[in-house]
Amino acid sequence: MNNRTLLIIAALAIGLLVVSSSAFVVKETEKAVLLRFGEVIRTDYEPGLYFKVPLMHEVRKFDARIQTVDSSPVRMLNAENKFMMVDSYAKYRIFDVGRFYIATRGDERNAVRLLAEQINDRLRNQFGVRDLHEVVSGQRDELMAEITKNLNQKARGDLGVEIVDVRVKRIDLPPEVSESVFQRMRAGRELEARDHRAKGQEASERIRANADRQKVVIEAEAYRKAEELRGAGDAEAAAIYAAAYSKNPEFYRFTRSLQAYKESFKSRSDLLLVDPDSDFFRYLKDPDGKQ
C-alpha cells in the first residue's frame, strides 16, 4: 500500500467523521435546540435529518411528550387553621424549547423543581381560603381547574412549558390534629343524623295523623252509605211486605205465625209460658186460623 492510498483512506475517514459529527436526527417525540458557543440560535426543528457545524454548534434534544412532576407531600394550612399533608402531581409538556432551555439551563431537573415550587405555592394559596370539606369534596374539581389555568399561564411565559393537568393525589391530616378533627367531624355527623331523625319522626307523625284522619273520614262515609242502603232496603222490604199484606192479609198473618213458632221453639230446652187460649196458638188449633 503506497502513500497515495493511505492519504485517500485517511481523507475518507476524516470525511466520515466530519459527516457523522455534523449530522443529527430529530424524532417526532423530541424537540431540539441548536446552540452556537452556548447561545440559542435555532429552535424550529421539525422531525427529520439536519446538519450542524462541528465544534461550533451543539444540539440539545428534549422529550416533547407529556411529562410528570410528582412532588413530595407538603404541609399546608387551611382556612380553619388546620395543617394538612398534601400530595400532588402535575402533567406538562414542552411548549417553547428555546425558552425552556434558557429557563432551566438545559437541565430538566430544574424544570421539575421550579414547577413543583409553583404548584405548591398555588395549592397553599388556594387551600388557605378553604376549609377541609371544600378541599376534599365540595369544590375540589373547580379548585384543580383554577390552579391548572393559573399555573399554565405562568409556566408558558417563564419556563416555556404547557401545564396539561394538576391533581391532588392525597390529603392527610398530621397525627397531632387528625384525632381532634375526626372527633369534630363525628360530632357534626351525629348532629346531622339527629336532625334527620327528628325530621323523619315529624314526617312520620304527620303521615300517621293524616292516615288516621282519612281512616275516620272513610269509615264515617262508609257508615253513612251503609245506613242509607240499610234504610233503603228496610223501606223496600216494608213496601214489599205491605203490598203482600194488602193482597192477602190472612196469608201474611199465617206466615208471620209460622215464623214466630220457628223462632220460639228452636231447641228442646225452650220454655214458653203463654195462655193456651191466646192468639199465639191460633193456627195450631185451627189451620184456617178461626176460633
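## Exercises on salt bridges and nonpolar cores

In this predicted model, D165 and R167 are joined by a salt bridge whose closest N and O atoms are 3.0 Å apart.

**Exercise 1.** Decide whether D165 and R167 are buried, partly exposed or exposed.

*Solution.* Begin with the cut-offs, under which buried means under 20% relative accessible area and exposed means over 50%, with partly exposed in between. D165 has 22% relative accessibility and therefore counts as partly exposed. R167, at 33%, is likewise partly exposed.

**Exercise 2.** Work out which parts of the chain the salt bridge between R93 and E162 ties together.

*Solution.* First, the side chains of R93 and E162 meet at 3.3 Å, N to O. Next, R93 belongs to strand β8 and E162 to strand β9, so the pair ties together parts that are 69 residues apart in sequence.

**Exercise 3.** Find where E205 and R208, another salt-bridged pair, lie.

*Solution.* The closest N and O atoms of E205 and R208 are 3.5 Å apart. Both residues lie in helix α6 (residues 175-247), where a spacing of three residues makes about one turn of the helix.

**Exercise 4.** Describe the largest nonpolar core and name the element that gives the most to it.

*Solution.* This core has 33 residues, and L115, L123, F127, V161 and I163 have the most contacts inside it. Elements giving two or more residues to the core include β8 (83-94), α3 (108-127) and β9 (161-172). Of the elements, α3 gives the most, with six residues. Another core, of seven residues, lies apart from it and has F24, L34, Y45 and V59 among its members.

Methods. Residues are numbered from 1 along each chain as its sequence is written. This is a predicted model: local features need pLDDT of at least 70, side-chain atom pairs count only at pLDDT 80 or more; totals for chains, interfaces and linings use all residues. Side-chain values use heavy atoms; hydrogens and water are left out. A nonpolar core is a set of buried Ala, Val, Leu, Ile, Met, Phe, Trp, Tyr and Cys residues joined through side-chain atoms within 4.5 Å. Buried means under 20% relative accessible area, exposed over 50%, partly exposed in between (1.4 Å probe, protein chains only). Helices (H or I, at least four residues) and strands (E, at least two) are DSSP runs, numbered from the N terminus. A salt bridge is a side-chain nitrogen of Lys or Arg within 4 Å of a carboxyl oxygen of Asp or Glu.
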